[in-house]
Amino acid sequence: MCNNECDALTEELAHPPELMFDFEGRNPTTFWQSTSWKKYPKPLQVNITLSWNKTVELTDDIVLTFESGRPEQMVLEKSLDYGRTWTPYQFYATDCLDAFTMEPKTVKDLTQRTLLDIICTEDYSRGYVWKNDKTVRFEIKDRFALFAGPRLHNMASLYGQLDTTKNLRDFFTITDLRVKLLKPATGATMVDENNLSRYFYAISDIKVQGR
């Protein structure tokens with residue numbers, strides 16, 4: 001962390017986006033950091049867009065590791081046409097009803113019939129958390145398990161479904177991914193307007209595995 005100031009124009013005080021994609025395990029940890037919530041109560045909204053310029057079939061969970069508290073509201077979106085149009089992948093909130101007028105669910109609530117449903121989960125939106133609980137996930141493997149079994153022992157069944165069901169195959173396929181950060185962690189308390197510099201987003205790692 002910078003002491004009291006972050007400045008993208010000064011190398012020693014900068015947290016540029018490429019620090020989300022360098023090698024993990026460095027000490028100190030490298031990370032990207034947004035501006036702080038100086039314009040509260042105006043929303044602090046930031047988009048992070050990843051573009052591959054090719055089609056990618058996801059093979060494992062998407063994992064974001066936060067150095068700040070995990071956002072109280074965010075949306076993961078996908079594109080299949082190189083960023084021309086976007087559709088939600090999953091909503092995240094401390095209160096799904098309040099944030100997105102959606103009942104909270106988890107992937108374990110899904111079935112083969114409802115696999116393509118877009119859900120809002122409250123599992124990853126608690127604010128300031130323990131060191132080993134800083135990740136936000138989009139659970140690809142749990143969705144695979146609906147066809148391949150809980151230990152993914154029947155991948156032939158999954159691949160058979162992917163080969164014959166275009167909507168299912170498209171669900172696990174992306175050309176671009178976008179993270180919409182909508183509300184930073186506040187620690188489940190009232191926002192301290194005398195200390196707005198403590199509210200921001202910081203990400204040390206994004207993992208997207210595919211082929």
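Predicted model: local features only at pLDDT ≥ 70, side-chain atom pairs only at ≥ 80, totals over all residues.
Reader: How many bridges join β2 to β8, and which way do the two run?

Author: Eight bridges connect β2 with β8 (residues 173–183), and the two strands run antiparallel. If you want a spot to look at, find I48: across from it in β8 stands V179.

Reader: Which strands make up the open sheet of four?

Author: That one goes β1-β9-β3-β7, and its pairing is antiparallel. At its edges stand β1 (32–33) and β7, each with a single partner strand, so one side of each has no neighbour in the sheet. Between β3 and β7 there are four bridges, again in the antiparallel sense. Look for I62 there, which has F138 in β7 opposite.

Reader: Now the cysteines. Which two form a disulfide?

Author: For this feature, check how far apart the sulfur atoms are; the cut-off is 2.5 Å. C96 and C120 pass, with their sulfurs 2.1 Å apart. The pair ties together distant parts of the chain: C96 sits in helix α1 (residues 96–100) and C120 in strand β6, 24 residues apart. By this rule the count is one disulfide.

Reader: Why is the disulfide called left-handed?

Author: Look at the torsion about the S-S bond. For C96 and C120 it is about -85°, so this disulfide is left-handed.

Reader: Is C96 buried or exposed, and what about C120?

Author: Here you compare the relative accessible area with a cut-off: buried means under 20%. C96 has a relative accessible area of 0%, so C96 is buried. C120 is also at 0% relative accessibility, and therefore counts as buried.

Reader: Last one, helix α2. Which of its residues are buried?

Author: In α2 (residues 140–148), the buried ones are I140, R143, F144, A145, F147 and A148.

Reader: What covers those buried residues?

Author: To find out, ask which elements are in contact with them. The cover includes strands β3 (62–66), β5 (87–93) and β7 (135–138), along with helices α3 (155–164) and α4 (166–171).

Reader: Which residue just after α2 takes a positive phi?

Author: That's G149, with a phi of about 90°.

Conventions: Residues numbered from 1 in each chain as written. Heavy atoms only, no water. Buried < 20%, exposed > 50% of the residue type's maximum accessible area, 1.4 Å probe, protein only. Contact = heavy atoms within 4.5 Å. Pairing = 2+ DSSP bridges.
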